[in-house]
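Look over the sequence and the model below before reading on.

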Amino acid sequence: MLQAPRGTEDILPNEQVYWQKIEKEFERIVSSLGFGKIATPFFEYKSVFERGVGAVTDVVEKQMFIVKRAGTFDELDTVEEELILRPEATAGIARSYVEHGMQTWPQPVKLYYFGPMFRYERPQKGRLRQHYQFGLEILGTNNPFTDAFLIGLVKTIYQEIGLSNFIFEINSIGCPNCRAKMKRAITNYYKPFKDLICSSCQNRLSKNPLRLLDCKQEKCQPFIANAPALIDYLCPSCKEHFKNTLEYLEDLNIPYDFNPRLVRGLDYYTKTIFEVVPQDKSAALGGGGRYDNLIELFGGSPTGAIGFAGGVERTILEMKKQGIRLEPTPKPDMILIHLGDSAKKKSLSLLFQLQKEGFKVSLSLEKESLKSQLNAANKLKIPLALILGQKETKEKTIIVRNMLDGAQETIPLKKLTNFLKAKLEVQS
Ligand code: AMP
């Protein structure tokens, strides 16, 4: 039997309510605050991620899905570099910002997206090879006020989705000058323990020392707990930015945990970084931070920016964990039952008319008896049945049956809309 590829999921109708809740609440909130939607391609040239995300990050080094092309159409294809399924959206959006001259738009440019990301990871609960993210980017501002605005907005989004019991972990990894000092401090600290840490960490020690702080291996945890706090290496201006951000968060009453060892998996981050973590501190629901140097990496002028991405599947797992139960697709107000050929023909146009008028109508598409259709309506707790037989079709009437008490009335089709409206109003 054919199966969906490892690490991917089919999202079936009963699950869609959770997806729609997240996407709709997210869109409603961010569009009311002036964010515009952006959709960038699902695949980009490899250098977008090598340059943007960083060549020696896990995402680029180990987790890329490379798009193999069937052949070439013309000489342009022969010079095209490798294409990669996007592991995240920020690098592509930064590329788009420069490509479309968004620097000439009124700043800051506020963007949002919703879509799939692809990472070749070992699949496990909450870790997929195709997962969805909802995300925000604010480009063209260096002000710490923006950091607080974004974090406050993320809090609102999770709350409106229905989640409580989550906290922001926050840290600052400073500017490149601070980071050089941080890397040196971490490298010096870890050197004596080189043989005691896991092999990935040994590799990180020479290539990407800050990532040592993000190791999940049991044996590396004691070293992380005692590692130097990154904040001690911030330059005065980065320190001021972080202090101001935290003060704004306190004014906003946003609960946060300052985590001096928080780092993020991608290289483009600068200054403020944060994650949204459930109270039990299981896997992060989302994360983000500043990326003040990314636009320059793509050939733009210096542009302060900050973004956030939330994982949809992880958010749904957490919604269920917190007891949020959503009803699958709304149940119909009525079932339309047809008996005989002429009624069957009439029933389709009546169905579309009722649907246009805003009613939720179900119609049997198979040949079924009156009894079995009424039974089905009962089972689904549909409040009204509309019964169209030969006689009613001829007389341009219809029988409306109240499924609660079995009472029936024959109504002229002309008066049906108003009759149904009144009936449903009484019942709701
Ligand atoms: P990141 O920027 O890598 O922290 O990703 C942002 C969010 O996307 C994470 O906090 C997760 O909620 C989600 N996420 C990242 N990778 C995966 C994955 N492989 N499977 C499911 N969700 C993921």
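Predicted model: local features only at pLDDT ≥ 70, side-chain atom pairs only at ≥ 80, totals over all residues.

If neighbours within four places in sequence are set aside, Asp147 is in contact with His241, Thr245, Thr272, Arg290 and Ile306. Asp147 itself lies in helix H6, which covers residues 144–161. Is Asp147 buried or exposed? Its relative accessibility is 0%, and buried means under 20%, so Asp147 counts as buried.

In general, the strands of a sheet pair through backbone hydrogen bonds, and the pairing is either parallel or antiparallel. Here three strands form an open sheet, with antiparallel pairing, in the order E2-E4-E3. Strand E2 (43–45) and strand E3 (66–67) are the edge strands, as each pairs on one side only. Helix H2, made of residues 46–54, packs on this sheet and touches E2 and E4. The direction of H2 makes about 80 degrees with that of E2.

How many bridges link E3 and strand E4? The two strands, E4 being residues 83–85, pair in the antiparallel sense over two bridges. Among the residues involved is Val67, whose bridge partner in E4 is Leu83.

Last, consider the whole chain. The domain assignment of the protein gives domain 1 as 13–175 + 235–321 and domain 2 as 334–427. Taken over C-alpha atoms, the centres of domain 1 and domain 2 are separated by 49 Å.

Definitions and conventions. Residues numbered from 1 in each chain as written. Heavy atoms only, no water. Pairing = 2+ DSSP bridges. Helix = DSSP H or I, 4+ residues; strand = E, 2+ residues; numbered from the N terminus. Contact = heavy atoms within 4.5 Å. Axes fitted to C-alpha atoms, helices over the stretch in contact; angles between N-to-C directions. Buried < 20%, exposed > 50% of the residue type's maximum accessible area, 1.4 Å probe, protein only. Domains from an automatic or database assignment.
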